[in-house]
Amino acid sequence: MHVFISILILIASILLILIVLIQNSKGGGLASGFSSSNQIMGVRKTTDFLEKATWSLAGTVIVLSIVITAFIPRTQQASQSEIRQQVNEAISIDPNAIAPDFGTAQQPLVSDEDGDQE
C-alpha cells in the first residue's frame, strides 16, 4: 500500500508541475495558445480549469502525504543502545571473561627528593 500511494503522489506531482508550467502568471500562459481549446471553452474557462486543477492536485498531494504516514513500514526500535547490545552479546558469548580493570594497571606516581613527580 505504501508503494501504491507513493506512486500516486509521484503522478500527482508530475501533473501539478506540468499544469503550473502551462499557466502564465498573468492568466494567459500556454492556455491562450491552444486554439482548439479556446474555440470550445474560451480563454477564461480554460484558465479557470487550470486553476482548479492546480488547487485540486495540490490538495491531493497534501492529503496523500498525510495518508501515507499510516502505511509507512515501522521497524522495532531497540530498547538498548547499540553499544550496550554489543557488550551484552560479548558477555553472553564468554561469561567467564572479565572486563579489564583500568584503575589497577596504572603505576603510582613516584616523587623524587625535590618533590617533583616523575
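The accessible surface of the protein chain comes to about 10000 Å², and carbon and sulfur atoms hold 62% of this surface. Such areas are computed by the Shrake-Rupley method with a 1.4 Å probe, and for residues only the protein chains shown count as cover. Of the 118 residues in the chain, 15% count as buried. Buried means under 20% relative accessible area, exposed means over 50%, and partly exposed lies in between (1.4 Å probe, protein chains only).

The model is predicted: local features need a pLDDT of at least 70, side-chain atom pairs count only at pLDDT 80 or more, and totals for chains, interfaces and linings use all residues. Residues are numbered from 1 along each chain as its sequence is written, and side-chain values use heavy atoms, with hydrogens and water left out.

**Confidence and fold**

The pLDDT (the predictor's confidence in each residue, from 0 to 100) averages 74 over the protein chain, and 55% of the residues score at least 70. Confidence is highest in helix 1, at a mean of 92, and lowest in helix 2 (residues 35-40), at 50. Where pLDDT is low, the predicted coordinates should not be read in detail.

The chain has four helices and zero strands, in the order α-α-α-α along the sequence. Helices (H or I, at least four residues) and strands (E, at least two) are DSSP runs, numbered from the N terminus. Of the contacts with a separation of 6 or more, 59% join residues 24 or more positions apart; contact means heavy atoms within 4.5 Å.

**Helix 1**

Helix 1 has 21 residues, which at 1.5 Å a residue should span 30 Å, and its end C-alpha atoms are 31 Å apart, in agreement. The expected span is 1.5 Å times one less than the number of residues. Ile5, Ile9, Ala12, Leu16 and Ile19 are buried in this helix. They lie on the same side of helix 1, because they cover an arc of only 95 degrees around the axis. The arc is taken from the directions from the helix axis to the C-beta atoms. On the other side of helix 1, Val3, Leu10, Ile17 and Leu21 are exposed.

**The core between helix 1 and helix 3**

The largest nonpolar core has seven residues: Ala12, Leu16, Ile19, Leu50, Ala53, Leu57 and Val61. Helix 1 (2-22) and helix 3 each supply at least two residues of this core, and the largest share, four residues, comes from helix 3. A nonpolar core is a set of buried Ala, Val, Leu, Ile, Met, Phe, Trp, Tyr and Cys residues joined through side-chain atoms within 4.5 Å. In soluble globular proteins, nonpolar side chains tend to be buried together.

Leaving aside residues up to four places away in sequence, isoleucine 19 touches Leu50, Ala53, Thr54 and Leu57. Threonine 54, found in helix 3 (residues 43-68), is in contact with Leu16, Ile19, Val20 and Gln23, on the same exclusion of neighbours within four places. Valine 61 also lies in helix 3. Isoleucine 14 lies in helix 1.

| Residue | Relative accessible area | Class |
|---|---|---|
| Threonine 54 | 16% | buried |
| Valine 61 | 17% | buried |
| Isoleucine 14 | 45% | partly exposed |

Valine 61 and serine 6 are 55 residues apart in sequence, with their C-alpha atoms 10.0 Å apart. Isoleucine 14 and leucine 57 are 43 residues apart in sequence, with a C-alpha to C-alpha distance of 9.7 Å.
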